[in-house]
Amino acid sequence: MPPAKPIPQLEAFPIRVGDIVRLGDLDHQGHVNNAVFATYFESGRVGLIYDKENGLQVPGATSVVARLEIDFLGELNWPGTVEIGTAVEEIGRSSYRFVHALFNEGKCAATGRTIMVLIDRETRRSRPLPPELIERLRGLMLPAG
């Protein structure tokens, strides 16, 4: 396993959204269930993907999750709120990778990565990212350093 990268501060992420911890998010141990962390990360990226003015949609195509990784760093409890930072980490031929960080009261509770693949709506096969999408994705990357 490669060494862990330092966790950026929430302010470094170009996309930041808040969410609430719901009572139904808890498991029998009394903390937020691990599967709910994926839902929080989804909240961080979906608004961006489907934004009407600056979204990541391509006519005749859609983006689907191909891989999701989560590193758990701490518990989350109810009641509470979370802040989700999202950025583009890498751009490929037909895919792009988001990096996420989940914060509660200023402390990072989890980090994650989501690989999205652009697929044709009809054939359901991957297709190359068009130049205009690549340009938007580049504008959503974490600052270097």
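**View 1. The β4-β5 pairing, joined by 10 bridges.** These two strands run antiparallel; two strands count as paired if DSSP finds at least two bridges between them. V99 stands opposite R113 in β5. Strands here are DSSP runs of E with at least two residues, helices are runs of H or I with at least four, and both are numbered from the N terminus. This is a predicted model: local features need pLDDT of at least 70, side-chain atom pairs count only at pLDDT 80 or more, and totals for chains, interfaces and linings use all residues. Residues are numbered from 1 along each chain as its sequence is written, and side-chain values use heavy atoms, with hydrogens and water left out.

**View 2. The open sheet.** Five strands line up as β1-β3-β4-β5-β2, with antiparallel pairing. β1 (15-21) and β2 sit at the edges with a single partner strand each, so one side of each has no neighbour in the sheet.

**View 3. S63 in strand β2 (residues 61-72).** S63 counts as buried because its relative accessibility is 10% (the cut-offs: buried under 20%, exposed over 50%, partly exposed in between, 1.4 Å probe, protein chains only). Its side chain makes a polar contact with the side chain of Y96 at 2.9 Å (N or O atoms within 3.5 Å, one able to donate a hydrogen and the other to accept it; residues adjacent in sequence count only if both atoms are side-chain atoms).

**View 4. L137 and its neighbours.** Leaving out residues up to four places away in sequence, L137 touches L56, V88, I91, Y96 and L129 (contact: heavy atoms within 4.5 Å).
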